[in-house]
Amino acid sequence: MPKPTIDAPSPKAAPPEVYPVGLSFDVEEHFRIETAAHLEVTAELKEAYARRMEDATRWLLDQLGERGIRATFFVVGQIARSHPRLVRRMAEEGHEVGSHSWQHKRVHQFDATSFREDLRQSMDALSDATGQPVVGFRAPTFSVMRQTSWAIDVLAEAGLLYDSSIFPVRHDRYGVPDAPRSAFVVEGERRELLELPPLTLRAFGQNLPVAGGGYFRLFPLAVMRRGIEQAAQRSHSPAVLYFHPWEFDPEQPRLPLTRLSRFRTYVGVNRTRGRLLRLLAGHRFTTLRDLAERMGPSRDQLPRFRLVA
Ligand SMILES: [Zn+2]
């Protein structure tokens, strides 16, 4: 019997490819967060946070494993030296291990030479722990911005496949509000790199950072889901989400932060475990490396964005 023929849709009418959601975790001990950078933290408290980071990360790995979900863990390089078994477990269970810098300093604190060294140190430590090359980077506090555009050259020269540090939002600490919201090719001074920006929701005439953080903890899950739906309607636009192990540790000791920072950091931490599990039940997920590889063939069709000020 002849196969029925179907009229091929015209290229314009073809709906955009719907990608699995890119799931990422930025793995750092809680005292390393930017809002606590000015605090003196005792060695004892640092040790307590390191133990809690490990427990919370194991909980995350257990949940992902039970559901057959693979994610990207952007890990601080020093953690690969202090907790090599934890980092090896991530890779053994099929997750991607990317770099979250050597010790979680913002990119603004470096020049190109010292940033290259910091990146190299973290990539070496991570690949020593996993036996696999590092291909992705997430800057602490999304600190790849106009002022730090030279970082793109350094990341590309290090042989990375992608970056996921440019947040297309207006925020007091980070963001490049006019950067594309879909996957794009970011141009540094001499080199370029594939960028997978965290998810934003277009509402009230601006880009809201619904990829994680306070938006995940404070607002109903429906807000993040609306962002995921919007992304599915745009071309080459996988939704990229991010979380931290400490966000799933409601019993952790609180850092003595200012009122605003305390609110931003701890709002909703009591309900994140259940909320994450509901999120995991509702979507297909994958690693950012997988998304970057899927973007490869259509790289010429991606928007280009020049970061240099
Ligand atoms: Zn971080």
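Which residues of β1 lie on one side and which on the other, and are they buried or exposed? Val21, Leu23, Phe25 and Val27 are on one side of the strand and Gly22, Ser24 and Asp26 on the other, and all are buried, so that both faces of β1 are covered. A residue is called buried if 20 or more other C-beta atoms lie within 10 Å of its own, exposed if 12 or fewer do, and partly exposed in between, the C-beta atoms being placed from the backbone. The model is a predicted one, in which local features need pLDDT of at least 70 and side-chain atom pairs count only at pLDDT 80 or more, while totals for chains, interfaces and linings use all residues. Residues are numbered from 1 along each chain as its sequence is written. Helices (H or I, at least four residues) and strands (E, at least two) are DSSP runs, numbered from the N terminus.

The pairing of β1 can be followed strand by strand, where two strands pair if DSSP finds at least two bridges between them. Strand β1 runs parallel to β10, to which four bridges join it, and Ser24 stands opposite Tyr242 of β10. Four bridges also join β1 to β2, again in parallel, and here the bridge partner of Ser24 is Thr72. With strand β11 (residues 285-286), β1 pairs in the parallel sense over two bridges, Val21 standing opposite Phe285. Strand β2 (residues 72-75) is in turn joined by four bridges to β3, and these two strands run parallel, with Phe74 having Gly98 as its bridge partner in β3.

Turning to the helices, the buried residues of α1 pack against β1 and α3, and they are Tyr49, Met53, Ala56, Thr57, Leu60, Leu61 and Leu64. An α-helix has 3.6 residues a turn, so residues three or four places apart point the same way. The 25 residues of α1 (residues 43-67) should span 36 Å at 1.5 Å a residue, and the end C-alpha atoms are 36 Å apart, which agrees; the expected span is 1.5 Å times one less than the number of residues. After α1 comes Gly68, with a positive phi near 65 degrees.

Helix α3 (residues 84-92) and helix α4 (residues 112-130) have axes that come within 8 Å and cross at roughly 70 degrees, the axes being lines fitted to C-alpha atoms over the stretch in contact, with angles running from 0 to 180 degrees between N-to-C directions. The two helices are therefore roughly perpendicular, a term for angles of 65 to 115 degrees. Pro84, Val87, Arg88 and Ala91 of α3 meet Leu126, Ala129 and Thr130 of α4, contact requiring C-beta atoms, placed from the backbone, to lie within 7 Å.

Helix α5 (residues 150-157) is mostly covered, six of its eight residues being buried, and the cover includes α4, β4, β5, β6 and β7.

Finally, Phe248 sits in the loop between β10 and α8 and is buried, with 20 other C-beta atoms within 10 Å. Leaving aside neighbours within four places in sequence, Phe248 contacts Ala56, Trp59, Leu60, Thr272, Arg273 and Leu276. Thr272 belongs to helix α9 (residues 272-282) and is partly exposed, with 19 other C-beta atoms within 10 Å.

Methods:
Parallel < 35°, antiparallel > 145°, perpendicular 65-115°, else oblique. Contact = placed C-beta atoms within 7 Å.
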